[in-house]
Amino acid sequence: MDVFLQQLINGLTLGCVYAVVALGYTMVYGIIQLINFAHGEVVMIGAMVAMSVILGLAGSGVPPLAIVLIAVLAAIPACMAVGYLVERVAYRPLRSAPRLAPLITAIGVSMILQHLALLIWGRNYIPFPQIIKTQSFALSNSETAATITNVQIAIMVLSVLMMAGLIALVYKTRIGIAMRAVSQRPDVAGLMGVSPNHVISFTFVVGAGLGAIAGVMIGSYYGIAHYQMGFLLGLKAFCAAVLGGIGNLGGAVLGGILIGLIEAFGAGYMGDLTNVCTLNKFLPGFSALCEANSNMAVFGSSYKDVFAFIVLILVLVFRPQGLLGERVSDRA
């Protein structure tokens, strides 16, 4: 039970981060049907900017919590500016182009942002400053009790607040009504006084702001930052958006949490086969079982990133519209 609870906590923590990043993908796709593959790099820039601010203010006498807040407030406008520039310079001129052109452009923008980060912060892995002491809380009195840290609690609470705030923004405000109108019929929305260009730019900016906070969370959780850290994170968040139903905000949240749980339980329980075999390898009949499952144990602990893509393939084969997505039919 303790192992289950521990993997559940780890999976929920990762799932919340994936869900926040997936919201950026699904918002942009819902508005202009574009997969913004550069979104993972926006998350990376948020982590890098926050790391630089924390390193600059460390030891200055500013309280640690205030330093983290200042770092987040610096990362958000930086990522928002990047998101706006990417939409204005790279994507807006290609709105009427064939769909393959924006897709290739998105991949190119992703590579450009990676190499700009390489020039600024270098190619080495950089320890993310842990200026707030990590505290662990046991969930039971046993020696192998599951634990949850203050960082995990902060990530989950902040993620829930951001997801709830975004859903309220889309469904309870005038700009949210404009976003939904542009996603349905941008030409008609323009006739009603809504500027599609402004709404689309706003969508990119909001998604980039969420990505900045996600970058700070993932950097604080793993304690490391790198110019390529957004690539795999972005792909997993994209898998989460597709799993839930890309273009559906609730689907992005559900997909992110499911991907996090699948990754945590898959890696945790497959990796535990190694410990089981070590303890019972001399029992009759157990050596053959361990030998047969040794590759699975290594697979679970070393190749946990594969699980998200296995789920993506299965979803695309059996339910292409995602769990909460609706099948769209074309009329001749």
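Before the details, two remarks on conventions. Because this is a predicted model, local features are reported at pLDDT of at least 70 and side-chain atom pairs count only at pLDDT 80 or more, while totals for chains, interfaces and linings use all residues. Residues are numbered from 1 along each chain as its sequence is written, and side-chain values use heavy atoms, with hydrogens and water left out.

Let me begin with two helices, where helices (H or I, at least four residues) and strands (E, at least two) are DSSP runs numbered from the N terminus. Helix H3, residues 64-91, has 28 residues and reaches 39 Å from its first C-alpha to its last, which is close to the 40 Å expected at 1.5 Å a residue; the expected span is 1.5 Å times one less than the number of residues. I will call a residue buried under 20% relative accessible area, exposed over 50%, and partly exposed in between, with a 1.4 Å probe and protein chains only. On that scale the buried residues of H3 include Ile67, Ala71, Val72, Cys79, Gly83, Val86 and Glu87. The buried residues of H3 pack against helix H2 (39-57), H4 and helix H8 (196-222), contact here meaning heavy atoms within 4.5 Å.

Helix H9, residues 229-244, has 16 residues and spans 23 Å between its first and last C-alpha, close to the expected 22 Å. H9 is mostly covered, with 13 of its 16 residues buried, and the residue that follows this helix is Gly245, whose phi is positive, near 115 degrees.

Now to the spaces, which come from a 1 Å grid over the protein atoms alone: a cavity is a set of points where a 1.4 Å probe fits but cannot get out, a pocket is an open set with protein on both sides within 12 Å along at least five of seven lines, and lining residues have an atom within 4 Å of a point. Grid points are joined across faces, edges and corners, and a volume is the space filled by probe spheres set on the points.

The largest pocket has a volume of about 1600 Å³. It is lined by 44 residues, and those closest to its centre are Tyr29, Gly30, Gln33, Ile246 and Gly247. Helices H1 (2-32), H3, H4 (100-121), H5 (150-172) and H6 (174-184) each supply at least two residues of this lining, and H1 gives the most, with six. By class, the pocket lining has 25 nonpolar, eleven polar and eight charged residues; Ala, Val, Leu, Ile, Met, Phe, Trp, Tyr, Cys and Pro count as nonpolar, Asp, Glu, Lys and Arg as charged, and the others, Gly among them, as polar.

What of enclosed space? A search of the whole structure finds one cavity of 30 Å³ or more, and the largest cavity holds about 70 Å³. Among the residues that line the largest cavity are Gly24, Val28, His39, Val86 and Phe204. H1, H2, H3 and H8 are the elements that give two or more residues to this lining, with the largest share, four residues, coming from H8. The cavity lining has six nonpolar, six polar and no charged residues.

Staying with H1 for a moment, Cys16 is found in that helix and counts as buried at 6% relative accessibility. Leaving aside residues up to four places away in sequence, Cys16 touches Met156 and Ser159. Cys16 and Leu261 are 245 residues apart in sequence and 10.0 Å apart in space, C-alpha to C-alpha.

Finally, the structure holds four salt bridges, each a side-chain nitrogen of Lys or Arg within 4 Å of a carboxyl oxygen of Asp or Glu. Arg185 and Asp187 meet at 3.2 Å, N to O; Arg185 is partly exposed at 47% relative accessibility, and Asp187 is partly exposed at 45%. Glu87 and Arg92 also form a salt bridge, at 3.2 Å, but here Glu87 is buried at 1% and Arg92 is buried at 18%.

Lys236 pairs with Glu263, the closest N and O atoms being 3.1 Å apart. This pair links distant parts of the chain, with Lys236 in H9 and Glu263 in helix H10 (residues 249-280), 27 residues apart. Lys236 is buried at 4%, and Glu263 is buried at 2%. Salt bridges that share partners also join Glu87, Arg92 and Arg95 into one network.
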